[in-house]
Amino acid sequence: MRVVTWNLWWRFGPWAGRRKAILAVLRELEPDAVGLQEVWAVDGGENLAAWLAGELGLHCAWAPSPAPGRWQRRVGDDTVGIGTAVLSRRPVVEQAVLRLPAPAELDDGRLALYARIDAPGHPVPFFTAHFTSGRAASAVRREQAAALAGFVAAHRHGTAHPPVVTGDLNARSDSPEVRLLRAGGGLRDAWEHAEPGAPSRTWDTANPYVADVDADGGPGTRIDHVHVGLPGPGGLGRVRAVRRAGAGPVGGVWPSDHAAVVADLTDAGRGEPRDAGRADRTGIGQGDHPAGTGRGDHPAGTGRGDHPFGAG
């Protein structure tokens, strides 16, 4: 089972070209389940997640933000909504939404979405979430991590498959909020299975959309995560490989300001995992930063927020 998490940078930047690049990366990855954050949807019109699902032949579960106003003001368009989505190769037989807690001054309607995926033999309890951004918001994210851990516990029942929890958590793996989520949810960081020395930054100044870096002035860090519970019988749900994707331009366009994280999990009794190196061999969205694409200021008019590393 191939799992992906990706923040799609909503309707910022060259979004029309970016969505084609997003599609190209996902098509190459051939994922089985995808957690998406910052997904746009136009009132009475197109929904990016539904469009991707249609192009890729996947099922789609969608959760619109109940409070899109702050996002809409950043692009000056109150007809474009924002939300969280799950794409799945197998049908979604159950779903639920959690509005993540946040104080009024920081509440911009962030969510966690649960989708039970009808995988053969063992349904997969799959989650994706988008935590509050901001260097000073660690305490808020800790509350969100505790709420998400409880949400996972409430929906992981009735299957031997471990829960799969994805998302843009706006925090490093060693942060108090992410450690709290792992402890409270009985989860492990899939990145433990990455190749030694593999590029890990999902928020990276190699990306021209990234204006800011981490608090230490470094080149970026991994703030997008895949976490998985302890394997079930026969190694069901065990992480076999993990890496980045979408970490370079596609046809001259960077897909998002975040790189994706891709994890391959084992199906019990299914033998070898899928080829974890496929996307790396093709080079789609994997290249080094091209010369002359601008590592400095973020493109004008894209409405960046107060992410702890300059994102949303």
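Modeller: Let us begin with a term: two residues are in contact when heavy atoms of theirs lie within 4.5 Å. Please bear in mind that this is a predicted model.

Biologist: With which residues is Thr 202 in contact, leaving aside its neighbours within four places in sequence?

Modeller: Thr 202 is in contact with Thr 221, Arg 222, Ile 223, Asp 224, Asp 257, His 258, Ala 259 and Val 261. Thr 202 itself belongs to the loop between strand S9 (187-189) and S10. With Asp 224 there is also a polar contact of 2.6 Å between the two side chains. Gly 246 shows how sequence and space may be compared: Thr 202 and Gly 246 are 44 residues apart along the chain, and their C-alpha atoms are separated by 9.3 Å.

Biologist: Is Thr 202 buried or exposed?

Modeller: A residue is buried if its relative accessible area is under 20%. Thr 202 has 2% relative accessibility, and therefore counts as buried. Ala 153, in helix H4, has a relative accessible area of 48% and is therefore partly exposed. In the protein chain, which has 312 residues, 56% count as buried.

Biologist: Let us turn to the strands. In what order do the strands of the open sheet lie?

Modeller: In general, the strands of a sheet pair through backbone hydrogen bonds, either parallel or antiparallel. Here an open sheet of 6 strands runs in the order S3-S4-S2-S1-S14-S13, and the pairing is mixed. Strand S3 (59-64) and strand S13 (239-245) are the edge strands, each pairing on one side only. From one strand to the next, the twist averages 25 degrees.

Biologist: How does S1 pair with S14, and how with S2?

Modeller: Strand S1 (residues 2-7) pairs with strand S14 (residues 260-265) in the antiparallel sense, over 4 bridges. Between S1 and S2 the sense is parallel, over 5 bridges. Individual residues can be followed across the sheet: Val 4 stands opposite Val 262 in S14, Thr 5 opposite Val 261 in S14, and Trp 6 opposite Leu 36 in S2.

Biologist: Why is S1 described as largely enclosed by the rest of the structure?

Modeller: The reason is that 6 of the 6 residues of S1 are buried. Arg 2, Val 4 and Trp 6 point one way, whereas Val 3, Thr 5 and Asn 7 point the other way; all are buried.

Biologist: Which strands does helix H2 touch, and what marks its ends?

Modeller: Helix H2 (residues 48-56) packs on the sheet, where it touches S2, S3 and strand S4 (80-88). The direction of H2 makes about 125 degrees with that of S2. As a general idea, an α-helix has 3.6 residues a turn, so residues three or four places apart point the same way. In H2 the buried residues are Leu 48, Ala 49, Trp 51, Leu 52, Ala 53 and Leu 56, and they pack against H1, S2, S3 and S4. At the N-terminal end of H2, Asn 47 forms a cap, with a side-chain oxygen 2.8 Å from the backbone nitrogen of Ala 49. Just after H2, Gly 57 takes a positive phi of about 70 degrees.

Biologist: At what angle do helices H4 and H5 pack?

Modeller: Angles under 35 degrees count as roughly parallel. Helix H4 (residues 138-155) and helix H5 (residues 176-185) pack at an angle of about 15 degrees, and their axes are 8 Å apart. H4 is therefore roughly parallel to H5, and passes H5 in a right-handed crossing. Among the residues that meet there are Ala 145 and Leu 148 in H4, and Leu 180 and Leu 181 in H5.

Note on methods. Residues are numbered from 1 along each chain as its sequence is written. This is a predicted model: local features need pLDDT of at least 70, side-chain atom pairs count only at pLDDT 80 or more; totals for chains, interfaces and linings use all residues. Side-chain values use heavy atoms; hydrogens and water are left out. Two strands pair if DSSP finds at least two bridges between them. Helices (H or I, at least four residues) and strands (E, at least two) are DSSP runs, numbered from the N terminus. Axes are lines fitted to C-alpha atoms, for helices over the stretch in contact, and angles run from 0 to 180 degrees between N-to-C directions. Buried means under 20% relative accessible area, exposed over 50%, partly exposed in between (1.4 Å probe, protein chains only). A polar contact is a pair of N or O atoms within 3.5 Å; within protein, one must be able to donate a hydrogen and the other to accept it, and residues adjacent in sequence count only if both atoms are side-chain atoms. Angles under 35 degrees count as roughly parallel, over 145 as roughly antiparallel, 65 to 115 as roughly perpendicular and the rest as oblique. A crossing is left-handed if the near helix is turned anticlockwise from the far one by less than a right angle, and right-handed if clockwise.
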